[in-house]
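Work through the following exercises with the sequence and the model open beside you. Each task is followed by a solution in steps.

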Amino acid sequence: MPVPAFRQSRSRQGKRRSHHAISATRAVVCPNCGNPKLPHAACRSCGYVRPGLQLTKGTRDE
Ligand SMILES: [Zn+2]
């Protein structure tokens, strides 16, 4: 299996790893019940998705 001929400098290593940071999970406030929920997902406490669509409790497997 081929291996790199020369080691990479700390500068190139750092440049590569500059994209490795993870960002905190974002949350939005549910307009139906006010609890925090993940955007584009059903609310975990009330099941609200969007106007006209609300999942009743028990439809999610937890
Ligand atoms: Zn809710």
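**Exercise 1. Overall form**

Compare the radius of gyration of the protein with that of a compact globule.

Solution. A compact globule of 62 residues would have a radius of gyration near 11 Å, whereas the protein has 22 Å. The radius is taken over C-alpha atoms, and the globule rule is 2.2 Å times the number of residues to the power 0.38. Next, take the spans: along its principal axes the C-alpha trace covers about 60 × 25 × 20 Å. Buried residues make up 3% of the 62 residues. A residue is buried if 20 or more other C-beta atoms lie within 10 Å of its own, exposed if 12 or fewer, and partly exposed in between, with C-beta atoms placed from the backbone. Finally, among contacts with a separation of 6 or more, residues 24 or more positions apart account for 0%. Two residues are in contact if their C-beta atoms, placed from the backbone, lie within 7 Å.

**Exercise 2. Elements and confidence**

List the order of the elements and state which has the lowest mean pLDDT.

Solution. This is a predicted model, in which local features need pLDDT of at least 70 and side-chain atom pairs count only at pLDDT 80 or more, while totals for chains, interfaces and linings use all residues. Residues are numbered from 1 along each chain as its sequence is written. The protein has 1 helix and 4 strands, in the order α-β-β-β-β from the N terminus. Helices (H or I, at least four residues) and strands (E, at least two) are DSSP runs, numbered from the N terminus. The average pLDDT, the predictor's confidence in each residue from 0 to 100, is 88 for the protein, and 90% of the residues score at least 70. Where pLDDT is low, the predicted coordinates should not be read in detail.

**Exercise 3. The loop between S1 and S2**

Find where Cys-30 lies and which residues Cys-30 touches.

Solution. Cys-30 belongs to the loop between strand S1 (28-29) and strand S2 (36-37). Cys-30 is partly exposed because 17 C-beta neighbours lie inside 10 Å. Setting aside residues up to four places away in sequence, Cys-30 touches Asn-35, Lys-37, Cys-43, Cys-46 and Tyr-48. Cys-46 is 16 residues from Cys-30 along the chain, with 8.8 Å between their C-alpha atoms. Asn-35 is in the loop between S1 and S2 too, and its 13 C-beta neighbours inside 10 Å make Asn-35 partly exposed.

**Exercise 4. Tyr-48 and Ala-42**

Which residues are in contact with Tyr-48, and which with Ala-42?

Solution. Tyr-48 lies in strand S3, and Ala-42 in the loop between S2 and S3. Leaving aside neighbours within four places in sequence, Tyr-48 is in contact with Cys-30, Asn-32, Cys-33, Ala-42, Cys-43 and Gln-54. On that basis the partners of Ala-42 are Gly-47, Tyr-48, Val-49 and Leu-55. Ala-42 and Gln-54 are 12 residues apart in sequence, and their C-alpha atoms are 7.8 Å apart.
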